[in-house]
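Here is a short tour of one structure, written for someone who likes to know the cut-offs. Have a look at the model first, and then read on.

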Amino acid sequence: MYDLQKRRPTRQIHIGKVAIGGGAPISVQSMTNTKTTDTEATVAQIRALQAAGCDIVRLAVPDMEAARNLGNILRQVTVPLVADIHFDYKLALEAIHQGIHALRLNPGNIGGEEKVKAVVEAAKEAGIPIRIGVNAGSLDKKILKKYGGVTPEALVESAMEHVRILEALDFHDMKISLKAHDVPLTIAAYRLMSQTVDYPLHLGITEAGTVNTGIIKSAVGIGALLAEGIGDTFRISLTGDPVVEVRVANEILKSLGLKEYGPTLVACPTCGRTSIDLPAIAAQVEEKLRDIEEPIEVAVMGCVVNGPGEARGADVGIAGGNGEGLIFRKGEIVRKVPEADLVNELFQEIDQILEERKHA
Ligand code: SF4
């Protein structure tokens, strides 16, 4: 595989135990959509996100009740948490007091120097970073006027205003995001930002949309940047269950060779040679693979003529025939089984491979 591991050099920051930038693995983030005041639901969702492969979880902190509840949540989870705060510096101070691992807050939007100073001092004392997050939808009028609308330069200038506020207070423990829903604009803005500062960059395409369009827009935008070595952490934003965001994020990293995480499923597109119900079998295999954390490449191929050869790189696979199919390993045929038993036999083989690895 061509190596995309070479990253743009950035400083390193830490969100709890997770390092970001400075050569650390690219981390996956997501955000809960439960009420932060609902401890039980929020803890359950954070655990589900972590189980799906999420490294860092962000929570909305819209009011003091939510801020005060952060400690109750933090005590019950092991994944680092970020408090998302807008406008009210007291919420930031309370989140820090509760033990939050990072803040997402724009210092220019919390009401003046003294308030920013109070938050920065508390963040320094606690040793936690701040994410500056600029959004195309909420750019300052003055900047919009200067650039005649939302441009990469406008997004970067807006971020730099916040960056300078923190730097003036000798605070450098930060990362930056520049989100827009327009993919080319987002790519251009992050490229420009990466030439401007060496703080780690948090990638995202905002309001990417429902699962179908959102996955494509995010994969194209974030994938393009990651392939250029830009981006140290990212979130896929999709409408709906955030666990899907994490699955998609990990698939993007796996497809770029930037992370070894869980199984990779290869399935042939089907053609006139296919004589098994390949889509149904592939869906069953995909579902069952969710229980496996180890990296393993599994192929589901439609025919015995080309299947094992086409999926030679896979650790294990099935190739359909007429009412039956083959189980193969690394392109070599292991045995022939009836179509109805293909999925079970495949998983027996997977279990065996994982067991063999333990003793290798
Ligand atoms: Fe067609 Fe066989 Fe290739 Fe699938 S593996 S696309 S069935 S030739």
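Is Glu310 buried, partly exposed or exposed? With 18 other C-beta atoms within 10 Å, Glu310 is partly exposed; buried takes 20 or more such atoms, exposed 12 or fewer, and partly exposed lies in between, with C-beta atoms placed from the backbone.

A word on the ground rules. This is a predicted model, where local features need pLDDT of at least 70, side-chain atom pairs count only at pLDDT 80 or more, and totals for chains, interfaces and linings use all residues. Residues are numbered from 1 along each chain as its sequence is written.

UniProt, in an unreviewed entry, places a "binding site" at Cys268, Cys271, Cys303 and Glu310. These residues span 43 residues in sequence, yet no two of their C-alpha atoms are more than 13.4 Å apart, so they gather at one spot. UniProt annotations may be inferred rather than shown by experiment.

Leaving aside residues up to four places away in sequence, Cys268 touches Met301, Gly302, Gly307 and Glu310, while Glu310 touches Cys268 and Met301. Contact here means C-beta atoms, placed from the backbone, within 7 Å.

Conventions. Two residues are in contact if their C-beta atoms, placed from the backbone, lie within 7 Å.
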